[in-house]
Structure formats: C-alpha cells, structure tokens
Amino acid sequence: MPETLVEEVGTLGTALSRRFPLGVTARPGGPGQDTVNVAVYAPALDHVVLCFEPPGGTWKAILLPDMTDGVHHGLVSGMPVGSRYGFYAGAPDGTAGNIDPDVVQLLLDPYGRYIDEGTGADGTVKYTSVRMQSDFDWGDSRSPRTPRRDTVMYETHVRGQTMLHPDVPEEIRGTYAGMAHPAVIKHLQELGVTAVELLPIHFHIDEPHLQGTGMVNYWGYNTLGYFAPHVKYASAGARERGPEAVQAELKGMVKLLHLAGIEVILDVVYNHTAEGGPGGPALSWRGLGEEQYYRMRDGSYVDTTGCGNTLNFGNPHVIKMAMDSLRYWVEEFHIDGFRFDLAVSLARDGAHEFTNQHPFLLAAATDGVLASAKLIAEPWDVGYGGWQTGNFPTGWSDWNDSFRDSVREVWLTDRAARFDGHHHGSLAKLGDALGGSAALFAQSGRSPMASVNLITAHDGFTLADLTAYNEKHNEDNQEGNRDGHGDNRSWNHGVEGITNDPLILAQRARTARNMMATLLLAQGIPLIGAGDELGRSQGGNNNAYCQDNEIAWLDWSMDPEARTMLAATKRLVQIRRDFLNEQPSGFPTRGGEAFIHWFGADGAPMTPERWTNPHERVLTMLMGSPNGTVDGLVVFNTGITDELVTLPANPRFSGDAAAAPHPYKLRMTTSAPHLADDGEPTFRLSRAVPRVPAGESVPVEANTVQIYRNLLPSR
C-alpha cells in the first residue's frame with residue numbers, strides 16, 4: 001500500500017484531549033461518536049503517531065499533540081467503531097514523516113479491546129488494535145456470586161473441553177459457543193461444579209521457539225492483549241462476522257453459564273508479556289516504554305517469571321493497567337473472578353522483593369468493582385523468595401501446593417514405599433491437608449477457606465497419570481523430555497504406563513477415587529482438573545503446554561472406567577453439598593461454628609506421638625458444627641492392609657446418656673462401585689445399609705475411604 005502522510009492534530013485536539021482514560025474512547029458530549037480521545041502511556045517516546053484505518057477506508061496517521069506525565073494524547077476525528085489502529089514512534093524532530101502500516105508492525109494499544117491478526121505485505125504476521133463498542137443484551141443473566149464455602153471449581157480449557165465432545169456440533173467445537181453448549185453445561189451441573197476456571201482467554205500468541213515444530217502455545221500463557229479476547233476461540237462464523245460477533249460469542253458463553261448457576265473465573269497472566277526477553281519483538285509495551293513497563297536493574301531485565309521478561313508492578317502505571325483490565329472484564333464481560341498466574345511477581349516492590357502489602361494486592365482486594373470477584377493467587381514465581389503460599393493478604397485465596405504434595409505423598413509415594421518394605425511419612429500431613437492447612441493461612445489473618453485445594457492442574461500429571469507413571473514422558477514436546485517437573489510424587493502401582501492387569505487397574509482407579517475424596521472432603525475450596533472426573537490420561541505427559549491435540553483434549557468416549565470415575569466424583573460432590581447444607585452459614589470459618597476431631601483405627605483420639613508415627617495408617621475425621629443438623633465422619637485407610645476400625649463416640653455428646661448411642665450411617669465407600677438399575681456404575685448406597693453404633697468396629701479395606709453421617713439426636 002502507499003505510504004501514509006503523517007498529519008498533525010489541530011487546535012481542537014490540543015484544547016480538548018485528556019490523558020485519561022487510556023486507550024481509545026468516545027468523547028462524552030463531544031462533536032460525534034467518530035471523534036475519540038486517544039491516550040497511551042509511552043514515556044520512552046518524544047512523539048507518538050496514531051495510525052488508523054476506518055472500515056472501508058484508507059490509512060491515516062495523526063501525530064498526537066499532547067504529553068502529560070508520560071501519556072501522549074489527542075482528540076481525533078473520523079475514527080468510527082471498527083477502525084484498525086496502532087502507534088508509531090514519531091520523527092525525532094517532531095515533523096511529519098511517512099509510514100506504511102502494511103509493512104511496519106505498529107505498536108499495539110495496551111488498552112486495545114480487540115486485536116486483529118493479518119499478513120502484511122512482507123508476508124509476516126501483523127497485529128493491529130481495533131476500536132470496539134460494548135453493546136450486549138444480558139437479559140436476566142446475573143452473577144451467581146457463590147460463597148467461597150460452597151464453591152467447587154473446575155479448571156478447564158475452552159478449546160480442549162469440547163474438541164472431542166460428540167454432542168457438540170462440529171462447527172463450534174473448541175470455541176466459546178461450544179463451552180456454553182447445553183451438553184457441556186449439563187455435564188458441569190450434574191457434576192456439581194459451581195465455577196469454571198478457564199485457562200487464559202486474553203489474546204495470546206505462540207513463542208518463537210515453537211515456529212516450525214507443528215506445535216502451538218496451547219495453554220495460552222503468552223499474553224499480547226490484556227483487554228482483548230483470544231479470537232481463535234470464537235467459532236468460524238463469529239470470526240467471519242467480525243470483532244463484535246467474537247465479543248458477543250464470549251459474552252454469550254458467560255451469560256449461559258450464569259443462567260446455569262456457574263461462575264466464570266479467568267486465568268490471567270499479568271506477570272509477563274508475549275514480547276519475551278531482550279531482543280524479542282517490540283509489539284506494544286517494549287516500544288512504548290521498555291524501562292517503565294518491565295522490571296530492570298542496571299539496564300538488564302530482572303526476570304522472576306522464567307519467561308524472559310517481568311512486568312514492573314513497582315510502576316503505578318503498570319498497576320493501573322492491570323486494575324483497569326480487571327475492572328473491564330468484570331464490567332463488560334461479567335467475569336466472576338481471576339486466578340493470577342505467578343502472582344508473586346505482581347507483588348514485588350521497587351527493590352524486587354515480595355510484600356503482601358503491595359499496592360496492587362490491596363487495591364484489587366478493596367476495589368469497589370472487584371468487591372464480589374474471587375481473587376486467587378498462584379502464590380509463587382521463580383525469583384528469590386518466590387514461594388509465598390499462605391502469605392497473601394485477606395481478600396485473596398491461594399492455590400495450595402502444600403495440600404497437593406501432601407495428598408499425593410499419602411496416597412502414592414508413601415504406599416509405594418510400604419510395598420517396598422519401607423516406612424515413609426506420617427499422617428500429620430494428611431490431617432493438615434484435610435483441615436485446609438489452617439496454620440499455613442492463619443499467619444496472614446485468613447481462614448482455611450482461603451485455601452484453594454488442588455491435586456492436579458493444567459501443569460503436571462492428570463489424576464489418572466499420577467497413578468500410572470513414576471516418570472514424566474514428554475517426548476512429544478520435542479524437548480528431549482527435559483521439560484516439565486521431575487518431582488511428581490506419583491506411583492505407577494507396579495507397571496509404568498498402559499497395562500491390562502485387572503488388579504493393577506482396579507488399584508489405580510481406587511487410588512484416584514481416594515484422592516478425589518480427599519480433595520472434596522477437605523476444608524477449603526476444591527479445584528478439580530478438567531477430565532479428572534473421567535479418568536483422563538495424557539500418556540504421562542506432564543507439560544502439555546504445546547499439545548493442541550488428543551493428548552490434551554478431554555476424551556468423551558465414556559468407557560466403563562470413565563463412567564465409574566464420573567459416578568464417584570458426582571457422589572462425592574453431592575455428599576459435600578449435602579453436608580454443607582446442614583451446617584450454619586458461619587461454618588467452618590466463624591469461631592465456635594466448626595470442629596474437627598481426629599481418631600486412630602482403635603477409635604481413640606490421635607495424640608502427638610500417633611500423628612508422627614509412620615506405622616499409623618488409618619485416620620478418622622469427625623467434623624461438624626455445634627449448630628449443625630448432621631456431623632460427618634470419614635475413615636481413611638491409607639495403608640496396604642485391611643483394618644478393623646472402631647467408629648468413635650462423638651465427643652460433643654459425651655456425658656449425655658439420654659442421647660446415646662448416636663449411630664453412624666455409611667454413605668459411600670471408594671472401594672468399588674455397584675450397578676444401578678439402569679446398569680450404570682454407582683456409589684450411592686441403599687437406604688437399607690445398617691446403622692453402626694459408636695464403639696463398634698467395621699472392616700475397612702486397604703486403600704479405601706469410607707464416608708458416614710453421624711445421626712444426631714433430635715433437639
């Protein structure tokens with residue numbers, strides 16, 4: 001295309017433009033909707049040129065006339081909704097020059113609401129921002145605002161959730177529309193999920209090292225736009241209709257999930273950008289103000305993310321960008337919460353040290369727009385002092401890696417060691433995990449409900465693979481199996497990978513059910529990894545970030561093993577919900593509203609000596625509230641031998657002879673399913689199951705969890 005002559009804004013722009021809000025916004029009460037205020041924080045530049053192309057028009061270039069505190073701004077006419085645009089560094093002397101936006105990669109607007117991806121005249125990919133408007137009919141859709149206590153989260157990928165789903169029409173598989181299909185929503189509702197936590201849907205691109213490999217950045221942790229949705233997750237029809245249709249499809253997904261009572265939580269990556277390390281492309285922030293947007297020391301990058309660059313949350317403008325982005329997604333897309341990738345990097349001060357009183361953490365937790373949003377930290381990064389689980393302030397929840405590691409050890413590596421004739425670990429870590437790692441979170445003034453409990457997530461083994469592989473098998477990633485974590489705390493139950501041995505398969509499945517039971521019966525917010533309820537395997541790949549294929553997609557073939565795991569998970573979520581419904585609203589965080597009692601196999605209380613004794617392999621947990629209508633008792637036999645377990649008397653009724661004997665009723669055992677009338681596997685027990693008086697012993701097989709209700713006397 002011909003070069004575009006740069007024009008200077010006249011006195012209209014000089015007189016009326018403002019340094020806020022940042023981005024491209026219609027001027028309220030201005031001369032027309034096609035006249036906009038343009039503002040961009042670009043402190044490194046003496047001059048900034050706005051290049052824009054109205055729909056059906058030709059490129060224009062305007063030199064923004066004003067600069068206030070590092071923000072270049074001007075009032076620009078003739079720029080309607082749908083205009084493509086970007087920024088260019090003006091000539092050093094401020095005079096007009098010539099620009100060819102079809103050859104030059106313009107700098108994207110950090111506040112751009114949409115990113116258009118195309119091929120330039122030189123054959124390379126070019127990105128431009130697009131001016132958007134925000135019309136959408138939300139109808140009766142409202143945020144469910146599920147209390148944290150009642151929340152059951154489900155981490156999934158918009159694309160992977162539906163690519164293989166037989167009931168989702170092929171043309172919308174792997175899309176926002178596919179995620180909101182009735183078959184997918186039905187699955188989530190029947191499972192009992194109250195919130196989906198979506199891997200990044202901000203606009204992202206592939207890393208350079210993936211070019212030519214046939215692989216892509218499937219997970220999406222390589223953000224290029226914090227206000228722009230990822231276009232490729234929209235259906236082909238929406239993409240053909242244009243930016244407004246893409247945004248509408250994403251909003252429609254949120255709307256339908258909300259109508260189904262399901263919250264939408266976004267995984268967001270404010271810790272680094274797609275511009276990479278030194279020498280990487282200047283696509284936006286690097287060209288606008290590298291030393292202000294990125295963490296630097298003595299002219300070199302301070303990288304606490306392992307991704308080449310780290311956004312500088314010691315700069316108020318970076319904090320403002322993140323806060324404005326969060327508010328935008330809440331206000332415009334009705335998002336219910338955020339999981340912050342490598343959140344420690346967002347809470348490092350000007351000296352690059354973590355502080356839980358960082359302005360960003362406090363601002364997000366106290367902001368009026370974000371007041372109802374769930375704020376969830378991945379509480380680590382790769383920098384010095386990077387592990388901060390339990391140290392985030394009130395208003396935040398943390399992914400609890402301590403819970404993850406403890407549960408894996410108890411059910412996997414400890415049992416493997418015992419089969420090898422060794423004694424390894426005690427039950428103290430299991431008790432700590434079930435109690436929501438209370439001591440870990442108490443120091444920050446938070447309750448166990450600040451703990452997001454997880455056993456698996458997108459990075460790492462699936463639940464099924466934890467029971468089938470001792471080692472990672474990432475050869476398909478083409479990195480020589482060097483990538484991914486080596487310390488997985490997994491156990492293959494005697495055979496690495498695929499086997500036809502029915503005994504091994506049965507034990508693997510039971511162990512998976514036990515870990516799922518531990519997750520869903522512990523205090524805190526449970527996070528289920530997508531597909532774990534179906535026994536999904538990645539073939540031992542614990543770092544499938546680049547696998548946009550059957551390795552990472554959910555398998556919906558629903559073989560007997562998948563149906564069994566699904567039945568177990570549904571039953572466990574139902575038991576959790578039933579129990580919580582019979583507790584007061586203050587359970588388990590308000591003082592005096594909750595208790596947990598711990599017992600050994602003999603029905604006697606656990607003592608400090610028993611907690612640390614590696615020979616103790618049976619733990620009984622009795623939990624409830626003095627004001628609840630039912631107590632719950634769970635028996636965990638983590639050992640390798642069957643045991644007779646004495647069900648304890650409920651301590652809160654000791655001395656109340658008139659209320660004896662307080663029998664227990666078995667609600668579920670993870671040992672094996674039975675067939676329902678329709679031939680499907682079920683873990684729902686008959687109402688005819690006999691009650692067990694306190695003080696009597698019951699057989700509990702090795703590697704089994706049994707769940708009881710304690711039938712309280714009428715009041």
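Lys and Arg count as positive and Asp and Glu as negative, with His and the chain ends left out of the count. The legends below describe a predicted model.

**View 1. Charged side chains of the protein chain.** On this count the chain carries 57 positive and 86 negative side chains. The centres of the two sets are 7 Å apart.

**View 2. Overall fold and dimensions of the protein chain.** The chain contains 16 helices and 32 strands. Its radius of gyration is 28 Å, close to the 27 Å given by the globule rule for 715 residues, so the chain is as compact as a globular protein of that length. Along the principal axes, the C-alpha atoms fill a box of roughly 90 × 50 × 50 Å.

View 3. Of the 715 residues in the protein chain, 60% are buried. Among contacts with a separation of 6 or more, 71% join residues 24 or more positions apart.

**View 4. The annotated span, residues 161-576.** An unreviewed UniProt entry places the feature "domain: Glycosyl hydrolase family 13 catalytic" here. The span is 35% helix and 11% strand, and its end C-alpha atoms lie 25 Å apart.

View 5. Thr 35 sits in the loop between β2 (23-26) and β3 (36-41). Its relative accessibility is 7%, so Thr 35 counts as buried, the cut-off being under 20%. Leaving aside residues up to four places away in sequence, Thr 35 touches Ala 26, Arg 27, Leu 75, Val 76 and Ser 77.

Conventions:
Residues numbered from 1 in each chain as written. Predicted model: local features only at pLDDT ≥ 70, side-chain atom pairs only at ≥ 80, totals over all residues. Heavy atoms only, no water. Helix = DSSP H or I, 4+ residues; strand = E, 2+ residues; numbered from the N terminus. Rg over C-alpha atoms; globule rule 2.2 N^0.38 Å. Buried < 20%, exposed > 50% of the residue type's maximum accessible area, 1.4 Å probe, protein only. Contact = heavy atoms within 4.5 Å. Charge placed at Lys NZ, Arg CZ, Asp CG, Glu CD. UniProt positions renumbered as here; feature names shortened; annotations may be inferred.
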